[in-house]
Amino acid sequence: MPTGTTRIRLRPANNSRVPFWGQLAIGLFWLAYVVFGLWSDSGAQDYHFLHWVFLVFTFVYLGYVLVNNAPIFGTQSYLEFTPGYIVHKNGLFRPKQVFAAENISALELRPAVLRVRQKDGEIYALNLREVKGKMRKTRFREQVREFAAKYNLPLQEVSPTATA
């Protein structure tokens, strides 16, 4: 039996200057440096306890990189169509954006963005380049059309121009 919600998974927005594998490599190099520092000259320096502090920070950094970029705790970036709401979650450490149907004045569906116009004049642009796969993109467009029709919202669709 289908539920009243439909969630579309988004790929994480790669807006960091260092890609995921680069961040992971930095963390692993940092880990190797700290471990080799622990093995060499143990107790010969007064600040040997700093190696243990940096080891803890290394694990915290690696955990942050993994949690922020990999779906360890489930889908963290998604668009969801619930009864009466559009919910946008852009990652684990970011708050949800909730758009109530009664507060939406218009929807504008472009090839790379969904613009949500609020009745108070605010405009929110949701990046559709994060939607994975051709089937998810078509399903997403169908859900936007159904949501607009169900709540009598004006929907303006701008199709991509065909360049020859």
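Strand β3 (residues 85-90) is the place of H88, where strands are DSSP runs of E with at least two residues, helices are runs of H or I with at least four residues, and both are numbered from the N terminus. Leaving aside residues up to four places away in sequence, H88 touches L10, Y78, L79, P95, K96, Q97, F99 and L126; a contact here means heavy atoms within 4.5 Å. H88 counts as buried because its relative accessibility is 8%. Throughout, buried stands for under 20% relative accessible area, exposed for over 50%, and partly exposed for what lies in between, with a 1.4 Å probe and protein chains only. The model is a predicted one, in which local features need pLDDT of at least 70 and side-chain atom pairs count only at pLDDT 80 or more, while totals for chains, interfaces and linings use all residues. Residues are numbered from 1 along each chain as its sequence is written, and side-chain values use heavy atoms, with hydrogens and water left out.

The protein chain has three helices and eight strands, and along the sequence they follow the pattern β-α-α-β-β-β-β-β-β-α-β. Of its 164 residues, 31% are buried. Among contacts with a separation of 6 or more, 55% are between residues 24 or more positions apart.

Four strands make an open sheet in the order β7-β6-β5-β8, with mixed pairing. Its edge strands, β7 (123-127) and β8 (155-157), each pair on one side only. From one strand to the next, the twist averages 15°. Within the sheet, β5 and β6 run antiparallel and are joined by five bridges, and R115 in β6 is the bridge partner of E108. Helix α3 packs on the sheet and touches β5, β6 and β8, with its direction at about 155° to that of β5. That angle is taken between N-to-C directions and can run from 0 to 180 degrees; the axes are lines fitted to C-alpha atoms, for helices over the stretch in contact.

The largest nonpolar core has 20 residues, and I104, L107, L114, F140 and F147 have the most contacts inside it. Such a core is a set of buried Ala, Val, Leu, Ile, Met, Phe, Trp, Tyr and Cys residues joined through side-chain atoms within 4.5 Å. Two or more residues each come from β2 (77-82), β5 (104-109), β6 (113-118) and α3 (134-150). Helix α3 gives the largest share, four residues. Beyond four places in sequence, F147 touches F81, T82, G84, Y85, I86, A101, I104, L107 and L153. A second, separate core of six residues includes L31, V34, L55 and L62.

In α1, the buried residues are Q23, L24, G27, L31, V34, G37 and L38. They cover an arc of only 150° around the axis, which puts them on the same side of α1; the arc is that of the directions from the helix axis to the C-beta atoms. On the other side of α1, W21, F29, Y33, F36 and W39 are exposed. The buried residues of α1 pack against α2. In α2, H51, L55, T58, L62, V65 and V67 are buried, and these pack against α1 (20-39).

Finally, the loop between α3 and β8 holds N152. Its phi is near 50°, a positive value in a residue other than glycine. N152 is exposed, with a relative accessible area of 70%.

Methods. Pairing = 2+ DSSP bridges.
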